Amino acid sequence: MCGARLEEFLDLGRQPLSDAFVPPDQDGEEFFFRLAVGLCPSCSMVQLTEEVPRGRMFHEDYPYLSSGSSVMREHFEGVARRLLETELTGSDPLVVEIGCNDGVMLQTVAKAGVRHLGVEPSGGVAARAQERGIDVRVAFFEEELAVALRAELGPATVVYGANTLCHIPYMDSIFAGVDALLAPGGVFVFEDPYLGDIVEKTSFDQIYDEHFYLFSATSVSRMAEHFGFELVDVERLEVHGGEVRYWISRAGERSVSPRVSELLAEEEARQLGSLATLQAFAAAVGSVREDLLALLQRLSSEGRTVAGYGATAKSATVNNFCGIGPDLVAKVYDTTPAKQGRLTPGTHIPVVPMDELAADRPDHLLLYAWNHAEEIKAKEQAFSAAGGRWITYVPDVRIT
Ligand code: SAH
Ligand code: TMP
């Protein structure tokens, strides 16, 4: 982030784009890049060593739909209600969301009649938000756009982003844009997968093309300071396998919650930003790969049927790093229309509609969408009741 030379600690090899599901009749070659992660010894940021051009990842056909999980729908309704009650209270407030996707958060704001704008470069998902009555600009958030929005709409009371800021390498332009757009006393809030949880759970599948940064309170606090802002509050979240919500204001504009120094001290105590910690994480990742591959090979040799549950972006890293193709996982069930009928990136496992599961009744389901485990297991009780077994690999490989 600050431009210092990165210390690489994990190489996940040649990887395709995690959301580039392949049409079975595709002629052209898939795009591959080298997925590796490094630590910046100067600002503690953990980030990819190679950047994928943004237009390759986020475009008209970007398939991910935020509303695909009922837990996430509730989560974002809660976020919207909280912002409406605590921040969007003055006269004619405005919230701008960076990466609104299908409008899962802003729909509640729109229903409340509060001024809002979603900035979303992926046209297909943006259209779904527009169909819900949400104001959307189909564009990448960056400084130039933010300056134009400020002139057009006036200052924003809140700038918000979920699972999006970590997708954006160009943080200088983001903070300059937030500075241009945010009202005096306004707040910039974002929530993203937390490095602390990734290391603790060995959830290496959180690392893929779109997740350019793996944030921690330490790195975000330094980043905010670097751009004249201040980290004023943090919240640990359980969603998506463990995240942190960061509250940032211009330096000195808000009082700083004791939760910030508490989380910074916790990260210091566990040496989250040290190369040795991250190298130990990398070694644990290697063990998960060995264990998962050994288990899938054993099940295959025993004639057991294994299918995947949830064609997540995360699963691209697992499949391509471990070498898991249709020989080991016959198909992957997923509810997303734009993924169905296609093949998983790189290792080409067919993605099929979820309703095929009941007829197929595989012996084992590899839970790629482990971050939604509670919701999924509640829905799929019939599978377990009929003797089906789940395979998980976070925090380690086990059959449940
Ligand atoms: N906020 C949603 C969406 C997360 S997916 C949720 O939490 O579920 C990330 C989204 O960020 C994608 O829809 C992608 O198109 C969008 N995105 C990527 N780069 C962006 C940028 N520079 N500005 C705004 N949105 C961006
Ligand atoms: P995510 O982990 O990035 O949110 O992606 C979850 C993927 O899993 C997404 O493609 C939708 C899919 N999914 C299902 O197919 N069924 C479900 O019940 C849930 C929660 C997700």
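Let's start with one residue: at 33% relative accessibility, D360 counts as partly exposed. That label sits between buried (under 20% relative accessible area) and exposed (over 50%), judged with a 1.4 Å probe and the protein chains only. The model is predicted, so local features need pLDDT of at least 70 and side-chain atom pairs count only at pLDDT 80 or more, while totals for chains, interfaces and linings use all residues. Residues are numbered from 1 along each chain as its sequence is written, chains are lettered from A and ligands numbered from 1 in the order in which they are written, and side-chain values use heavy atoms, with hydrogens and water left out.

**Salt bridges**

- A search of the whole structure turns up 21 salt bridges; each one is a side-chain nitrogen of Lys or Arg within 4 Å of a carboxyl oxygen of Asp or Glu.
- Our opening residue has a partner: the side chains of D360 and K331 form a salt bridge, 2.8 Å from N to O. D360 belongs to helix 12 and K331 to the loop between helix 11 (313-322) and strand 13 (332-334), so this pair ties together parts that are 29 residues apart in sequence. Helices (H or I, at least four residues) and strands (E, at least two) are DSSP runs, numbered from the N terminus.
- D197 and K201 make another salt bridge, with their closest N and O atoms 3.5 Å apart. Both residues sit in helix 7, 4 residues apart, which is about one turn of the helix.
- Within that pair, D197 is buried at 6% relative accessibility, whereas K201 is partly exposed at 23%.
- R398 pairs with D396 in a salt bridge whose closest N and O atoms are 2.8 Å apart. R398 is partly exposed, with a relative accessible area of 42%, and D396 is partly exposed at 33%.
- Four residues, R82, E191, E235 and R245, are linked in a network of salt bridges.

- E375 lies in helix 13, which covers residues 373-379.
- The side chain of E375 does make a polar contact with the side chain of S69, at 2.8 Å. A polar contact is a pair of N or O atoms within 3.5 Å; within protein, one must be able to donate a hydrogen and the other to accept it, and residues adjacent in sequence count only if both atoms are side-chain atoms.
- Leaving out residues up to four places away in sequence, E375 touches G68, S69, S70 and V71; contact means heavy atoms within 4.5 Å.

**Around ligand 1**

- Which residues come closest to ligand 1? They are S66, E120, S122, A162 and N163, out of 20 residues that surround it; a residue counts as near if one of its heavy atoms lies within 4 Å.
- A nitrogen atom of ligand 1 lies 2.9 Å from a polar side-chain atom of Y170.
- The protein covers 98% of the 570 Å² of accessible area that ligand 1 has on its own, an area found by the Shrake-Rupley method with a 1.4 Å probe; for residues, only the protein chains shown count as cover.

**Around ligand 2**

- Ligand 2 has 19 residues around it, and Y64, K314, D334, K339 and K379 come nearest.
- Helix 13 gives the most to this shell, with 3 residues.
- An oxygen atom of ligand 2 is 2.3 Å from a side-chain N or O atom of K379. For K314 the distance from a polar side-chain atom to a ligand oxygen is 2.7 Å, and for H372 it is 2.8 Å.
- On its own, ligand 2 has 490 Å² of accessible area, and the protein covers 96% of it.

- V394 and P395 are joined by a cis peptide bond, with omega about 5 degrees. P395 sits in the loop between strand 16 (389-392) and strand 17 (398-399).
- T202 is not a glycine, yet its phi is positive, about 50 degrees. You will find T202 in the loop between helix 7 (195-201) and strand 9 (213-214), where it is buried with a relative accessible area of 10%.
- R361, also a residue other than glycine, has a positive phi near 45 degrees. R361 is in the loop between helix 12 (356-360) and strand 15 (364-367). Is R361 buried or exposed? At 53% relative accessibility, R361 counts as exposed.
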